[in-house]
Amino acid sequence: MNNAFALVDCNNFYCSCERAFNAALHNKPVLVLSNNDGCVVARSNEARALGIRMGQPAFECRELIEQHAIQVFSSNYSLYADMSDRVMKTLATFTSRLEVYSIDEAFLDVSHVGAEHLLDYGRQIRETVWQCTGIPVSVGLATTKTLSKIATEVVKQNPPSQGVLNLTHYSEAELDELLDSIALKDVWGIGPRYTNRLQASRNIFTAKNLKDADEHWIRKRFSVMVQRTVLELRGIACIPLETEPKPKKGIMTAKSFGRPVESLAELEEAVATYTARAVEKLRNQESAACCISVFLTTNPFQHDAPQYANSLSRMLPFPTSFTPDFLNVALDLVRSMYQPGFRYKKAGVCISKIVSQEVLQADLFGDYSLEREYKKARLMAMVDFINRWWGQNTIFFGAQGIGQEWKMRQERRSPRFTTQWGEILVVRT
DNA sequence: TCTGGGGTCCTAGGACCC
DNA sequence: TCTGGGGTCCTAGGACCC
């Protein structure tokens, strides 16, 4: 049986989540901003048509926003994560061979569907997701992941396709013609650096050119990754479906502040908050870790202000997932990096050397008390339980502070319709 | 005034060992 | 006129993704 993949990609996902709960937003230009209301991370087709770019700083769009009454939202991650979960659960009803690739995309193995039914199958996926979640999706069907990526890109530019495109029955000539219309930079796995190098060295400008390139030369001058992309464009599947999410090897929590921060006390609060969050993520994936790094930076865009950036890491004696153990080290690190007289803009925490909690128990020795570690684990489990049940930060560590005036701005966040009872949608008749 | 926050994998080169 | 060679492990940096 031939391989067949479906890539299901939510259209303008964050904007669509906002629209799903606010009918007044339909057919209007909508923007969603990054943390701190910094730059554009999602835009509706109407906003795109007005010339607003992905990643553009929000302050640059101010005039357009006013002129065209664009609806602007701060990121509402609780809402998007929950909506994503609903979409993925819906997709899981179509196949058990599902790879959740990102918050708004999933690959499905659809090899079990007969070639003549594939297009219908894609349409059915699209309609079901729309009915169950109110999120519009595009579906690309092809023999490799890379080609299915291209199919969804084409779908989005091409309204008559009605959201589904099946490349599996294309003849070689038809496929070549399509690939020749795809710019190199739009191929999955080819970023700006590779685009420049490929253009400059071998006149490779389109997906078709890359498909025809000498695979061995590519391997030598670039990497196996690019070689795989070449093969995938030729219809040879080399990037497998990954149905099991792998535990993360590094966990980072980093955020810029709502305003510049100058005092050590506030930096300590921020670093403690990010540390607590990172270790919580660590426990969620049932891991432990023994390395933490902390970094601080001033605002790199403020060219005339004095700049400072530093990062330090330290090992813990053995892997743990006990927040206070990490807090002690993190606070120590931030104190030794802190230099007065700077306006700090961002801080972050990164946890690495991650191992599974199960492995941990097997090879412990030395200054280690199983009983003590067991008590710590019980305490953390209780904290997590309370915060899951009553909402994030119902209980937290004193070092995180209570004012948190440095916190990021989210001036236009919509209600967390699906995850907070107090913010549930009210329908008035 | 205002410019995001996560992740992944690969490769080259150095340290170290025998 | 001359100073081994091969293997492994680790890390930093570079590239990519959403």
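α6 contributes seven residues to the lining of the second largest pocket, the most of any element. Helices (H or I, at least four residues) and strands (E, at least two) are DSSP runs numbered from the N terminus. The model is predicted, with local features requiring pLDDT of at least 70 and side-chain atom pairs pLDDT 80 or more, while totals for chains, interfaces and linings use all residues. Residues are numbered from 1 along each chain as its sequence is written, chains are lettered from A and ligands numbered from 1 in the order in which they are written, and side-chain values use heavy atoms, with hydrogens and water left out.

The second largest pocket holds about 1,400 Å³ of space. On a 1 Å grid over the protein atoms alone, a pocket is an open set of points where a 1.4 Å probe fits, with protein on both sides within 12 Å along at least five of seven lines, and lining residues have an atom within 4 Å of a point. Grid points are joined across faces, edges and corners, and the volume is the space filled by probe spheres set on the points. The lining of this pocket comprises 48 residues, and Asn11, Asn12, Asn45, Arg48 and Lys156 lie nearest the centre. At least two lining residues come from each of β1 (5-10), α1 (13-20), β3 (40-43), α2 (45-49), α5 (118-133), β7 (137-142) and α6 (145-157). The lining divides into 21 nonpolar, 14 polar and 13 charged residues. In this classification Ala, Val, Leu, Ile, Met, Phe, Trp, Tyr, Cys and Pro are nonpolar, Asp, Glu, Lys and Arg are charged, and the others, Gly among them, are polar.

DNA strand B is surrounded by 26 residues, the closest being Asn35, Met252, Ala254, Ser256 and Lys345. Of the atoms of DNA strand B within 4 Å of the protein, 75% belong to sugar and phosphate. A residue is near a strand if one of its heavy atoms lies within 4 Å of it. Polar contacts (pairs of N or O atoms within 3.5 Å) to phosphate oxygens of DNA strand B include a polar backbone atom of Ala254 at 2.4 Å, a side-chain N or O atom of Arg219 at 3.2 Å and a side-chain N or O atom of Lys346 at 3.2 Å. β9 (251-261), α11 (224-233) and β12 (344-356) each supply at least two residues of this surface, and β9 gives the most, with six. The surface near DNA strand B has eight nonpolar, eight polar and ten charged residues.

Around DNA strand C there are 14 residues, of which Asp104, Lys149, Gly189, Gly191 and Tyr194 come nearest. Sugar or phosphate accounts for 100% of the atoms of DNA strand C within 4 Å of the protein. A side-chain N or O atom of Asp104 is 2.9 Å from a sugar or linking oxygen of DNA strand C. Phosphate oxygens of DNA strand C lie 3.0 Å from a backbone N or O atom of Gly191 and 3.4 Å from a polar backbone atom of Pro192. β5 (98-102) and α8 (192-202) are the elements giving two or more residues to this surface, with the largest share, three residues, from α8.

β1 also belongs to an open sheet of five strands with mixed pairing, ordered β5-β6-β1-β7-β8. The edge strands β5 and β8 (164-166) each pair on one side only. Pairing requires at least two DSSP bridges between two strands. β1 and β6 (residues 105-109) run antiparallel and are joined by five bridges, with Ala6 opposite Leu108 in β6.

Terms used. A polar contact is a pair of N or O atoms within 3.5 Å; within protein, one must be able to donate a hydrogen and the other to accept it, and residues adjacent in sequence count only if both atoms are side-chain atoms.
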